[in-house]
Amino acid sequence: MKLEQAARQLESLGNPTRLQLYRTLVRAGHAGLPVGGVQERIGIAASTLSHHLKRLVDTGLVTQERHATTLICRAHYPAMNALIGYLADECCADADCPAAAAEPSAAP
């Protein structure tokens with residue numbers, strides 16, 4: 001993943017409404033949710049939802065599929081996994097110890 005793509009995706013998730021929307025779709029699984037179902041779950045106006053969905057679709061984090069008159073929205077899991085991987089792939093690459101050793105141990 002390129003830096004610019006990761007930055008665009010992270011920026012789109014930086015809005016509380018979009019983050020809530022995205023998490024709702026991630027929780028819905030591969031079946032996704034119809035737009036009306038998303039609107040019911042997060043309780044925002046249709047025009048506001050449309051604006052936020054467009055931003056997530058434009059960055060590749062959400063896909064949409066039309067079934068007759070119903071628009072199904074889904075989290076695009078490969079994009080989500082690529083973004084998570086981009087953030088974690090080089091964890092502690094410049095350190096002398098693995099990430100687990102850098103975390104404080106829990107005292108009994």
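Colleague: Which side chain does K54 meet in a salt bridge?

Modeller: The side chain of K54 meets that of D58, at 2.8 Å from N to O, where a salt bridge is a side-chain nitrogen of Lys or Arg within 4 Å of a carboxyl oxygen of Asp or Glu. This is a predicted model, in which local features need pLDDT of at least 70 and side-chain atom pairs count only at pLDDT 80 or more, while totals for chains, interfaces and linings use all residues. Residues are numbered from 1 along each chain as its sequence is written, and side-chain values use heavy atoms, with hydrogens and water left out.

Colleague: Where do K54 and D58 lie?

Modeller: Both lie in helix α4, 4 residues apart, which is about one turn of the helix; helices are DSSP runs of H or I with at least four residues, numbered from the N terminus. D58 is partly exposed, with a relative accessible area of 42%, the term covering values between buried (under 20%) and exposed (over 50%), with a 1.4 Å probe and protein chains only.

Colleague: How many salt bridges does the structure hold?

Modeller: The structure holds 3. One of them joins the side chains of E11 and R55 at 3.7 Å, N to O, and because E11 lies in helix α1 and R55 in helix α4, this pair ties together parts that are 44 residues apart in sequence. R74 also forms a salt bridge with E65, with the closest N and O atoms 2.8 Å apart.

Colleague: And how do the axes of α1 and α4 cross?

Modeller: The axes of α1 (residues 3–13) and α4 (residues 46–58) come within 9 Å and cross at roughly 160 degrees, the axes being lines fitted to C-alpha atoms over the stretch in contact and the angles running from 0 to 180 degrees between N-to-C directions. The two helices are therefore roughly antiparallel, a label for angles over 145 degrees.

Colleague: Which residues meet there?

Modeller: R8, E11, S12 and L13 in α1 meet R55, L56 and D58 in α4, where contact means heavy atoms within 4.5 Å.

Colleague: Switching to α2, what is its angle with α4?

Modeller: Helix α2 (residues 16–28) packs against α4 at about 75 degrees, with the axes 10 Å apart, so the pair is roughly perpendicular, a label that spans 65 to 115 degrees. T17, R18, L21, Y22 and L25 in α2 meet a set of α4 residues that includes L49, L53 and R55.

Technical notes:
Parallel < 35°, antiparallel > 145°, perpendicular 65-115°, else oblique.
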